[in-house]
Amino acid sequence: MTWDKIIVGAGLYGLYAAEQCGARGQRVLVLEKDPGPFMRATYINQARVHMGYHYPRSYSTAIKSAGYFERFCRDYGFCLLTEFDQVYATSAHFSWTNAEQFRRFCAAAHIRCDDVSPDKYFNPGQCDGAFLTTEYTYDAQILKKHFLEKLAALPNVTIAYSHKPESVQRAGSVWRVKAGDITAEAPFLLNASYAGVNELHAMLGFEPFAIKYELCEMILCTVNERLKNTGVTVMDGPFFSLMPFGRTGLHSLTSVTFTPHVTSYDSLPTFACQARSGGCCRPGDLANCNDCPARPESAWPMMSQLARKYLREEYGFAYSHSLFSMKPILKASEIDDSRPTVIRQYTADPAFVSVLSGKINTVYDLDEVLRYGEE
Amino acid sequence: MAKNKESNFLSAVVYLPEGSADRAVPFLRMLYGQLEEHFKQYEIICVDDRCADGTAEAVRRWAAENLDKPLTVLHMSLRQGRELCMNAGLDAAIGDFVYEFDTLQTPYAPEMIWQAYEKALEGNDIVTVGPEKTRACSRLFYSVFNRFSRSAYPVGTDAFRLVSRRAINRVHAVSEHLPYRKAAYAASGLRVAALTFSGRLAAEDGERLDLAADSLALYTAAGYRLSLTVTVGMLLLTLAELVYTLAVAFTGRPIEGWTTTMFVLTVGFFGVFLVLTLVIKYLSLLVDLVFRRQKYLVESIEKLQK
């Protein structure tokens, strides 16, 4: 069957692209290897709608995040949790950024940063500054429902779950994609498969993205009254974040040192746990870590200990469950801490575009490339 | 037989000075054995004081082969000495209790590591483990220190110590920097217990004299008390001199001008000593104000109710 666009990956970027193109009357096919949408990174992350605070060493990332923040809140406000105190703090020790530098950075990026006493939240001497900020968290399940409703109203968009592209070939000016019982052709192929981005590149012989892969654990916690309407992020180094997880009533606990369990530097990631996955995961075909029998043991003892060292005793939290997912990180962005959205077009006719972004609200970066070939 | 391990999270901070390439791994092996035997959750933090002799590499190699619990190696930017390094390690530690190993010497039985923890659970926030016999100069320093110190617990030579998170929070609340941890703990107002073993600790080089002077000035009243004693002594001498001058003036026949000269000298010196004492009093007050942010310390609150 012939389509205008084939999109690989039913995460936020894939479904956003499908909705945009579908609304313009294009026939779109979305191929997703999991049995449903939003089952990996779109769901399994801190659910932070970035305002830029997270990147005190990269003004460019910060300013871009802040720019898209308002637009995202306008378009998807229904899935946001906005009524909570988001506290950013700079650790007194081992931080790459101190309180004064963080204040200056926020002023330069024109984002809110109100001083509060670190003693209100943290144990003595642990943080040299604490700031109330404006930052929200999104609920992936509500967002998913929204996209599914929108797409259900577009008969020209089809999503095929449990369909992983097995082969991709160029056939004149279209791509021919085989995925299970589907053989589809389109002049435009969008690769929005995040951690699987290099899998399609490998099939087509395109240059892989220079990324490392981290198998990450996000812990969901129940919290007490004191912490219920508060999110805490300690910056900028080996620290932690404990913030509301969308509108679920739970908090997500992550830490820079303990969230990543294992790392692979191969362009198609190889992990020791793949051998124990029962054959469902291998380099070039990553399974969903969250359902994997070989998923690692929780780092809760370490992560909770780290958070407790900082947080005052009255802010209570307890383990609920863990979510695991694979996170690709551009190798170039470690020193300056930037998290750019990379959109790379490899061919023009037929068009092949890959997108990789670690942030939800930079999804608008796709707009330009989706219009390609329409003029 | 499966043993019930402690569920408190333990951190062990180990100082690695230059020249410890051979000693680091045996020490860590011993430490790892003890922690593994008794604790469910723990971490080891090594502070590499810019060792150029391959200490860090040896530790890394050993950890890669043998360790399945996290090991952090803090690499200092330049050589900074024991106290600063241990402070860095302490800041990095996340445990409920933290072992501080200032030295790699182990003249004690490995079980003492666990005994220190048991001692801590009896309600001691700080447990020090030191030798029964110490060197003469250490004894002298500590006796001066303890004589003038305001804290309830004496400090002495330690091989290692165990501190609770509560104690760490407390010493940081009292003062942001800890130029001399041992004294800060002793002065924290929390309960300190000491365990001893019969071996000896060999001397380790370092900027001992400087540290000794600093800690006497910061944690004890030695400076002020010393100057006060000198002033009082001088005051008495001056008074005697005054009496003698008057006696000579009235009874004898002093050379013209002698009485006035002596008078000016004695009264003048008396004034100088008095002013100096005042200055030192003010200085010690300033040190107090700058250094100590918390004025009173509470060990515990006991409420008796009918």
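**The sheet and a helix of chain A**

Author: Happy to. In this predicted model, chain A has an open sheet of six strands, ordered 9-2-1-13-21-20, with mixed pairing.

Reader: What makes strand 9 and strand 20 of chain A stand at the edges?

Author: Strand 9 (157-160) and strand 20 (342-348) of chain A each have a single partner strand, so one side of each has no neighbour in the sheet. Neighbouring strands here are turned by 15 degrees against each other on average, ignoring direction.

Reader: How do you know that strand 20 of chain A is joined to strand 21 of chain A?

Author: Pairing takes at least two bridges, and six bridges join these two strands, which run antiparallel. Take Gln345(A): its bridge partner in strand 21 of chain A is Val353(A).

Reader: Now helix 2 of chain A. How do you know that its span agrees with its 18 residues?

Author: At 1.5 Å a residue, helix 2 of chain A should span 26 Å, and its end C-alpha atoms are 25 Å apart, so the two agree. There's still a kink in helix 2 of chain A, of about 25 degrees, centred on Phe69(A).

Reader: Which residues of helix 2 of chain A are called buried?

Author: The label takes 20 or more other C-beta atoms within 10 Å of a residue's own. Among those that qualify in helix 2 of chain A are Thr61(A), Tyr68(A), Phe69(A) and Tyr76(A).

Reader: And where is confidence lowest in chain A?

Author: In that very helix 2 (residues 59-76), at a mean of 84. Chain A as a whole averages a pLDDT of 91.

How values were computed
Residues are numbered from 1 along each chain as its sequence is written. Chains are lettered from A and ligands numbered from 1 in the order in which they are written. This is a predicted model: local features need pLDDT of at least 70, side-chain atom pairs count only at pLDDT 80 or more; totals for chains, interfaces and linings use all residues. pLDDT is the predictor's confidence in each residue, from 0 to 100. Helices (H or I, at least four residues) and strands (E, at least two) are DSSP runs, numbered from the N terminus. Axes are lines fitted to C-alpha atoms, for helices over the stretch in contact, and angles run from 0 to 180 degrees between N-to-C directions. The expected span of a helix is 1.5 Å times one less than its number of residues. The bend at a residue is the angle between axes fitted to the seven residues ending there and the seven starting there. A residue is buried if 20 or more other C-beta atoms lie within 10 Å of its own, exposed if 12 or fewer, and partly exposed in between; C-beta atoms are placed from the backbone.
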